[in-house]
Amino acid sequence: MYYSKLFIPTLKQSPADAEVISHQLMVRAGMIRQLAAGIYSILPLGLRVLKKVEQIIREEMNRIGGQEMFLPSIPPAELWQESGRWELYGKELLRLTDRHDREFCYGPTHEEVITDIIRGGVKSYRQLPLLMYQIQTKFRDEVRPRFGVMRGREFTMKDAYSFHADEASVLEMYEHMKQAYSNTFSRCGLDFKMVEADSGTIGGSFSHEFMVLADSGEDAVAFCDTCDYASNIEKAASRTPDPVTPPKKPDPLKKIPTPGKKSVEEVAQFLKVSARQIVKTIILENENGLVAGLVRGDRQLNLVKLKNLIGCDWLQPAPESLIVSKTNIPCGFIGPVELDMKVYADHEVAVMHNFVTGANSKDAHYTGVQFERDLNVAQMGDLHEVQEGDPCPKCDGGRYRVKRGIEVGHIFILGTKYSATMKAFYLDDQGKENPMIMGCYGIGVGRTAAAAIEQNHDDKGIVWPAPLAPFQAVVIPVKFDEDRQRQASEEAYRTLGDLGIETLLDDRPERLGVKFKDAELLGIPLQIIIGPKNLDAGKIELKSRKTGVSELIDFPDGLQIIPERLQNL
RNA sequence: CGGGGUGUGGCGCAGCCUGGCUAGCGCACCUGCUUUGGGAGCAGGGGGUCGGAGGUUCAAAUCCUCUCACCCCGACCA
């Protein structure tokens, strides 16, 4: 395409409200424009990239037997009431009312709709398994949209759903999905990790996230430096600590005045002990009231782990006002000894002796606390968040590393959660009715593109992996209005087109520097520079965006090597 | 939802505290001349309800009240 005919509004300066690099560059490169919080217009150049991502996803979904379809973006409330999510989903679900006062929502995900269709069309185990998918606009009324298309409210998502007659079948599909997702993100040129993820109430280890490693990621990924164990930090298991031989004569419980010393650091300094000798007591609130979580002083409590251990519906830090009104103990001095609520202890705490805790009264702490003797613990488990350097739970000698990640894909097995409540039943070979077993699998299309930029950019702009680039090559004449250069440029443009290369011809009457800057900002993998001196010698210049290395090639025959060059980008 | 911040041509900003004359600067845009292998120079030009509403005042971008939008920091998610 001819650059002068396209709408590519590039900017020299970043918009003030763009925080992360991918957002800045997508705006500067003329790919997107913001319309409202978390709502973006996708401009032609941006759409070309999204279509590339979509096409890769399509090919990988089709390869494992996925069937593409397109579901309504605005489903009626009844389906959601039937599944129970009309109430459960909360404010993130954008609710709409039509002229007849009927309720609808803008679909944030489509389990209900697809389950409704499948239950009407599938009656026999012979029709299973099925894998259905769509690529469609979703809307989630996020509390805090940010980072451009990385966390928009309106966004494009590939969502897939599978239906099975038995567990083995869904597990097999799950493995296919892992492969398809790995292929997809590899083909997008991304450095990613497949990690175990919290599967919430569904249980089992059947949930994986695909994380693109990038400093701007909103999630943390913990992975072993030796074996292949990797997990979202929310779920990353810690190694069970070795038992510690108790001292022959344990210290007695002693109440020590610690005026004004609230934090672990303050108490440790004041009592001249290490943070590892202190036990932190964190008060949380769930549907049944207050509970306490215990972790070592140098650890952070992992809320997801504790929630899973308790098995409650929700769990959050209790506000200080609530704690004080219920317990009459000021924050900073709470401890597990004779605390009037259920106490859950991290397994590291269980092997401690002679430790320090709050004394449940203002300006005082206990020393010489003994786990067995002094505490009444409801349950113990792995409750702390792992840190860089912690031992790997799966292999000997391995150490955890922790990095930031962007969640671009998530797969999990749903089981019969929707099929049971929505009565999606099939008849098995005994003629018996069973709920179908389901899996669901999502990829954020725009987020994948943004993640690609986070991983592939430099101070000049985007450096697209060739498979995602809006154009694979750009022909840059030094002066387009000079006859010989124009003819050579157009010939190069045609030749590349014949070779199946998507090419941009920069025919604008701009100075060369401007054309270079734009080509670099846009991140087009290969530049073909056509100038008078090189033409005299029958040559043109081929320059790589990524390496900045340029070489002279014969014109026009040398153009034939370009498809091969692109293979390696 | 809590806490903080910002709204001034398409983009980035100054002006506001201490009201005052035609609202200014850089980039971008239009015209002309010169220039032309790394974001050109000169000259001329177009474009702004100063987020919105109300108020104070002889006079409001500036002060007051209300309101809307957007951004940033904390619990959810592709």
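Gln472 touches Ala466, Gly500, Ile501, Glu502, Ile524, Pro525, Leu526 and Leu566, where residues up to four places away in sequence are not counted and touching means heavy atoms within 4.5 Å. This is a predicted model, in which local features need pLDDT of at least 70, side-chain atom pairs count only at pLDDT 80 or more, and totals for chains, interfaces and linings use all residues. Residues are numbered from 1 along each chain as its sequence is written, chains are lettered from A and ligands numbered from 1 in the order in which they are written, and side-chain values use heavy atoms, with hydrogens and water left out.

**Gln472**
- Gln472 lies in the loop between E25 and strand E26 (473-477), where helices (H or I, at least four residues) and strands (E, at least two) are DSSP runs numbered from the N terminus.
- With 17% relative accessibility, Gln472 counts as buried, a term for under 20% relative accessible area, against over 50% for exposed and in between for partly exposed (1.4 Å probe, protein chains only).

**Helix H1**
- Seven of the eight residues of helix H1 (residues 21-28) are buried, so the helix is largely enclosed by the rest of the structure.
- The buried residues of H1 pack against several elements, including strand E1 (32-36), helix H12 (445-455) and helix H14 (512-522).
- Just after H1, Gly30 takes a positive phi of about 75°.

**Helices H2 and H12**
- Helix H2 (residues 44-63) packs against H12 at an angle of about 110°, with their axes 9 Å apart.
- The contact is made by Val49, Leu50, Val53, Glu54 and Ile57 of H2 together with Val445, Gly446, Thr448 and Ala449 of H12.

Technical notes. Axes fitted to C-alpha atoms, helices over the stretch in contact; angles between N-to-C directions.
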